[in-house]
Amino acid sequence: MTGRGLRIVLLGAPGAGKGTQARRLSEAFDVPDISTGDIFRNAVTAGTPMGAAAKRFMDRGELVPDDVTIGIVRERLAQSDAAAGFVMDGFPRTAHQATALDAMLAGMDQTLDAVVEIAVPREILIERLTQRRSCTSCQASYHLMSAPPKVADVCDRCGGTLVHRTDDSDKTIVHRLAVHDAQTAPLVSYYRGAGLLHTVDGTQPIDTAYEAIVAAAASQGGGRAA
């Protein structure tokens, strides 16, 4: 059975598994996975002015400025495939971005179904990030221990080259997690106050975490997967 769609925000530190769950939710509910990280990385690969500007921040493990990020999300939500819903991965990351998203949705007469925080201890996050590899062509993600490619350094999906991203270096990882704690973690309180927040254990099996996320959306009145 197909419901009215799904509008959900996934919160969590880098390495928590937001991307994996976002892609699965996107496929199950037939709504776009809106990942600001992927949008920026695609722009970097394409060599666009936005990509060049974003790269300077990403390489240092810092957040891309709010005005740039809010602008690309506003443009993405205006596209026709987002009319029935979306899975938001990597946005909002600051309180200012959260209020901007509220305003965008209000202007479209829409509301969020749920906000799910994927919680993972710091030591596991660091282990996951240092073992992560990404495809230079399609941006697919792999983990050398838990989800390795079939052929070393080759993407299963498109045959592209897998690399250790610049923002996954040891020094940058520590900085990224510190930035998350300082700027993004307050969103937990923001959405808890709005009655939308659910917390899911991100160390449990992927399937189990997925079912918990779907249950959280359903408890708030979200749609059902086909």
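Me: Which order do the strands take in the open sheet of three strands?
Reply: This is a predicted model, and in it the open sheet of three strands has the order S6-S5-S7, with antiparallel pairing.

Me: And which strands stand at the edges there?
Reply: Strand S6 (141-143) and strand S7 (162-163) do. Each has a single partner strand, so one side of each is left without a neighbour in the sheet.

Me: How many bridges join S5 to S7?
Reply: Two bridges join strand S5 (residues 132-135) to S7, and the two strands run antiparallel.

Me: What lies across S5 and S6?
Reply: Helix H6 (residues 122-130) does, running at about 45° to S5.

Me: Back to that cysteine. How many disulfides are there?
Reply: The count comes to zero, taking a cut-off of 2.5 Å between cysteine sulfur atoms. For Cys 135, the nearest cysteine sulfur is that of Cys 158, 3.5 Å away. That sulfur lies beyond the cut-off of 2.5 Å, so Cys 135 is in no disulfide.

Me: Are Cys 135 and Cys 155 buried or exposed?
Reply: Cys 135 counts as buried, at 1% relative accessibility. Cys 155 is buried too, at 3%. Both values fall under the 20% limit, which is why they get that label.

Me: New topic: where is Arg 76?
Reply: Arg 76 is in helix H4 (residues 66-77).

Me: Buried or exposed, that arginine?
Reply: Arg 76 counts as buried because its relative accessibility is 15%, and the limit is 20%.

Me: What does its side chain make a polar contact with?
Reply: With the side chain of Asp 81, at 2.8 Å. Leaving aside neighbours within four places in sequence, Arg 76 is in contact with Pro 32, Ile 34, Asp 81 and Ala 82.

Me: Let's move to S4. How many of its residues are buried?
Reply: Five of the six residues in strand S4 (residues 114-119) are buried, which leaves the strand mostly covered.

Me: What pairs with S4, and in which sense?
Reply: Strand S1 (residues 7-11) is joined to S4 by four bridges, and those two run parallel. Strand S8 (residues 197-201) also pairs with S4 in the parallel sense, over five bridges.

Me: Which residues are bridge partners there?
Reply: Among them, Leu 11 has Glu 117 in S4 as its bridge partner, and Val 115 has Leu 197 in S8.

Me: Now the largest nonpolar core. Which residues touch the most other members?
Reply: Of its 27 residues, those are Leu 77, Met 88, Leu 101, Leu 112, Val 115 and Tyr 191.

Me: Which elements supply at least two residues of it?
Reply: S1, helix H3 (49-58), H4, strand S3 (86-89), helix H5 (95-107) and helix H8 (186-193) each do. H5 gives the most, with five residues.

Me: What does Leu 77 touch?
Reply: Not counting residues up to four places away in sequence, Leu 77 touches Ile 34, Ala 82, Phe 86, Met 88, Leu 101, Met 104 and Met 108.

Me: And what does the second core include?
Reply: That separate core of 24 residues includes Leu 10, Phe 29, Val 87 and Val 116.

Technical notes: Residues are numbered from 1 along each chain as its sequence is written. This is a predicted model: local features need pLDDT of at least 70, side-chain atom pairs count only at pLDDT 80 or more; totals for chains, interfaces and linings use all residues. Side-chain values use heavy atoms; hydrogens and water are left out. Buried means under 20% relative accessible area, exposed over 50%, partly exposed in between (1.4 Å probe, protein chains only). Two strands pair if DSSP finds at least two bridges between them. Contact means heavy atoms within 4.5 Å. Axes are lines fitted to C-alpha atoms, for helices over the stretch in contact, and angles run from 0 to 180 degrees between N-to-C directions. A polar contact is a pair of N or O atoms within 3.5 Å; within protein, one must be able to donate a hydrogen and the other to accept it, and residues adjacent in sequence count only if both atoms are side-chain atoms. A nonpolar core is a set of buried Ala, Val, Leu, Ile, Met, Phe, Trp, Tyr and Cys residues joined through side-chain atoms within 4.5 Å.
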